[in-house]
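User: I would like to learn how to read a protein model, one feature at a time. Please give the general idea and then the case at hand.

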Amino acid sequence: LVEAAIAEAGFAPVAAQRWHRRDGQGRVLFALASGSLLADKLVLELDVATAPRGARPFDQVLEAARQLGARLGARVVDDNGREITPTALAAIEAQLETLYEQMATAGSEAGSLRAQRRYQTA
């Protein structure tokens, strides 16, 4: 059931309990991870440096979360287990816009090879 929902939401497996959603050009927009398919939560992860700004990856994360929640009868919450309110979403979007602008000013447009190299965390 969980694996089917993940596939229906447009994710492709990349490792054990890890999936990526990619854009039409094959670039990773965001990831989904789970400790196991029996776990009580799935985690969506957005790496701003990897995801091109124009693809609106945060909007896609939210849509995927809602789709998975509806399919699995689950709630969409933040990393503290709290409901994500419209106010919180607006604050996150504002922070993302600031980050995108800072990256562009530094010459590292989100999703570019330079940004991926510069901000690589792994």
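User: What share of the contacts with a separation of 6 or more comes from residues 24 or more positions apart?

Analyst: Contact here means heavy atoms within 4.5 Å. In this predicted model, residues 24 or more positions apart account for 43% of the contacts with a separation of 6 or more.

User: How many helices and strands are there, and in which pattern do they follow along the sequence?

Analyst: The protein has four helices and four strands. Along the sequence they follow the pattern α-β-β-β-β-α-α-α.

User: How does the radius of gyration agree with that of a compact globule?

Analyst: A compact globule of 122 residues would have a radius of gyration near 14 Å, and the protein has 15 Å, which agrees. Along the principal axes, the C-alpha atoms fill a box of roughly 45 × 35 × 25 Å.

User: What part of the protein is buried?

Analyst: Buried residues make up 30% of the 122 residues. A residue is called buried when its relative accessible area is under 20%, and exposed when it is over 50%.

User: Which residues make up the largest nonpolar core?

Analyst: The general idea comes first. In soluble globular proteins, nonpolar side chains tend to be buried together. In this protein the largest nonpolar core has eleven residues, among them I6, F11, W19, F30 and L68. The elements that each give two or more residues to this core are α1 (2-8), β3 (28-33) and α2 (57-72). There is also a second, separate core of ten residues, which includes A49, F58, Y100 and A115.

User: A64 belongs to the largest core. What is A64 in contact with, leaving aside neighbours within four places in sequence?

Analyst: A64 is in contact with F11, R21, F30 and L44. Of these, F11 and F30 are also listed in the largest core.

User: Where is H20, and is H20 buried or exposed?

Analyst: H20 is in strand β2, residues 18-22. Its relative accessibility is 17%, so H20 counts as buried. Leaving aside neighbours within four places in sequence, H20 is in contact with G10, F11, A12, V14, V28, F30 and A31.

User: G10 is in that list. Where is G10, and what does G10 touch?

Analyst: G10 is found in the loop between α1 and β1. Not counting residues up to four places away in sequence, G10 touches H20 and R21. Because its relative accessibility is 41%, G10 counts as partly exposed. The C-alpha atoms of G10 and D79 are separated by 22 Å, and these residues are 69 residues apart along the chain.

User: What does a phi value tell me, and which residues should I look at?

Analyst: The general idea is this: most residues other than glycine have a negative phi. Q17 has a positive phi, near 60°. This residue is found in the loop between β1 (12-15) and β2. Q17 counts as partly exposed because its relative accessibility is 25%. R56 also has a positive phi, near 50°. R56 lies in the loop between β4 (43-45) and α2, and at 48% relative accessibility R56 counts as partly exposed.

User: Where is Q116, and why does Q116 count as partly exposed?

Analyst: Q116 is in helix α4, residues 113-118. Its relative accessibility is 29%, and therefore Q116 counts as partly exposed. Leaving aside neighbours within four places in sequence, Q116 is in contact with A49, T50 and G111. Among these, A49 belongs to the second core.

User: How are Q116 and R21 separated?

Analyst: Q116 and R21 are 95 residues apart along the chain, and their C-alpha atoms are separated by 17 Å.

Note on methods
Residues are numbered from 1 along each chain as its sequence is written. This is a predicted model: local features need pLDDT of at least 70, side-chain atom pairs count only at pLDDT 80 or more; totals for chains, interfaces and linings use all residues. Side-chain values use heavy atoms; hydrogens and water are left out. The radius of gyration is taken over C-alpha atoms; the globule rule is 2.2 Å times the number of residues to the power 0.38. Buried means under 20% relative accessible area, exposed over 50%, partly exposed in between (1.4 Å probe, protein chains only). A nonpolar core is a set of buried Ala, Val, Leu, Ile, Met, Phe, Trp, Tyr and Cys residues joined through side-chain atoms within 4.5 Å.
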